[in-house]
Amino acid sequence: MKLSRAVGITAVGLGSVALVNRTLRERAGELDAALPGDQHTYRWRGMNVAYTEAGDQSNPDLVFLHGINAAGSSGEFRDVFGELAEDYHVVAPDLPGFGRSDRPPLRYSAALYEDFVDDFLAEFDSPMVVASSLTSAYVTAVAAESDISRLLLVCPTSKAGPEPNQALRELVRSPLVGEALFNGLSSKPSIRYFNADHGYYDTSAVSDEWMDYEWRTSHQQNARFAPASFISGYLNSNVDLAATLGTLDIPVTLVWGREADIVPLSEGRELADEADARLVVFDDAKLLPHVEHAEAFVETLRQELAVDAS
């Protein structure tokens, strides 16, 4: 009788968890494009990778690659994408496993994202690339063999998680319990905490509409699988940023928020010195100076590219 009762209680509990998970997915609904422009699909390894493009295709190609986090998407560049479309052919994909791209239950890895970045950038003619945080490492890893003409990296890092932890990855990947854990990690209070503690110096830069989008993108079907590899350390890159950037025969600019703490400015200064790269620092900003100071970021990027052209 005791065993039967325990089994019954467990079944009810799991059923309740499944109901909550399904309710949250349904509430999130279908995800809209985060950026203005033409919406396209890039077919890659059986996946549909969503991307937005805007601007005159005869202008130089400028590709934006968003950072990795539980709510990552191309919408990270929402405040600069349209403005730069006036002068450039701008393109921004949602990385596989994020945003409006397919999210198959893969065991995502740094190598997979390096391959994707390499293949996607090969679709364009000598593109200039803006990449954020951990994705900067993926671009750096393939830059020497690619046709990239210019790099601008925002708070780049090759490590954004612990040493690989298989047990943690498989826990988050697991059905019911794993989804419930991820729903907690990507709840609005958790998103708000990350934005305030690490992402933004001034959270007034985060509108209610954007907070809602972050919640919705992190509650799509299979949303937990790519972040499961991120939080368990499997998306960390083995690339030596300083050594690799220093060998590139293209201009490299590093952009940093002075108050960044996950990747502090002291690391930016060291990286700029070792890689012989230009460092631009934004006051009153953390990891996302291109959001907190969008107008100044656009002006900085235009100035950097104008120096290259002169």
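**Entry 1: a term to begin with**

I note that a residue counts as buried when its relative accessible area is under 20%, and as exposed when that area is over 50%, with partly exposed in between. I keep in mind throughout that what I am looking at is a predicted model.

I looked up S133 with this cut-off in hand, and at a relative accessible area of 18% S133 is buried, because that value is under 20%. S133 sits in the loop that runs between strand 5 (128-132) and helix 4 (135-143), and its phi is near 45°, which is a positive value in a residue other than glycine.

I then turned to C155, which also has a positive phi, of about 45°, although it is not a glycine. I found C155 in the loop between strand 6 (150-154) and helix 5 (166-173), and with 1% relative accessibility it counts as buried.

**Entry 2: the whole protein**

I counted 13 helices and eight strands in the protein. Its radius of gyration is 20 Å, close to the 19 Å that the globule rule gives for 310 residues, so the protein is as compact as a globular protein of that length. Along its principal axes, the C-alpha trace spans about 80 × 40 × 40 Å.

Among contacts with a separation of 6 or more, 74% are accounted for by residues 24 or more positions apart.

From the record I took one annotation: in an unreviewed entry, UniProt lists residues 62-299 for "domain: AB hydrolase-1". In the model this span is 42% helix and 13% strand, and its end C-alpha atoms lie 15 Å apart.

**Entry 3: the core**

Which residues touch the most other members of the largest nonpolar core? I found that they are F64 and L151, in a core of 89 residues. The largest share of this core, seven residues, comes from helix 3 (residues 110-121).

In helix 3 the buried residues are A110, L112, Y113, E114, F116, V117, F120 and L121. I checked the length of helix 3 as well: at 1.5 Å a residue its twelve residues should span 16 Å, and this agrees with its end C-alpha atoms, which are 16 Å apart.

The C-alpha atoms of P251 and L152 are separated by 8.5 Å, while the two residues are 99 residues apart along the chain.

**Entry 4: helix 7**

How far apart are the end C-alpha atoms of helix 7? Helix 7 (residues 188-199) has twelve residues, but I found its ends only 14 Å apart, short of the 16 Å that a straight helix would reach at 1.5 Å a residue.

I next listed the buried residues of helix 7, which are I191, N195, H198 and G199. Seen down the helix axis they fall within an arc of 115°, so they line one face of helix 7. An α-helix has 3.6 residues a turn, so residues three or four places apart point the same way.

The buried residues of helix 7 pack against helix 8 (208-217) and helix 12 (289-292), whereas on the other side of helix 7 I found P189 and Y193 exposed.

Methods. Residues are numbered from 1 along each chain as its sequence is written. This is a predicted model: local features need pLDDT of at least 70, side-chain atom pairs count only at pLDDT 80 or more; totals for chains, interfaces and linings use all residues. Side-chain values use heavy atoms; hydrogens and water are left out. A nonpolar core is a set of buried Ala, Val, Leu, Ile, Met, Phe, Trp, Tyr and Cys residues joined through side-chain atoms within 4.5 Å. Buried means under 20% relative accessible area, exposed over 50%, partly exposed in between (1.4 Å probe, protein chains only). Helices (H or I, at least four residues) and strands (E, at least two) are DSSP runs, numbered from the N terminus. UniProt positions are given in the numbering used here, feature names are shortened, and annotations may be inferred rather than shown by experiment. The expected span of a helix is 1.5 Å times one less than its number of residues. The arc is that of the directions from the helix axis to the C-beta atoms. Contact means heavy atoms within 4.5 Å. The radius of gyration is taken over C-alpha atoms; the globule rule is 2.2 Å times the number of residues to the power 0.38.
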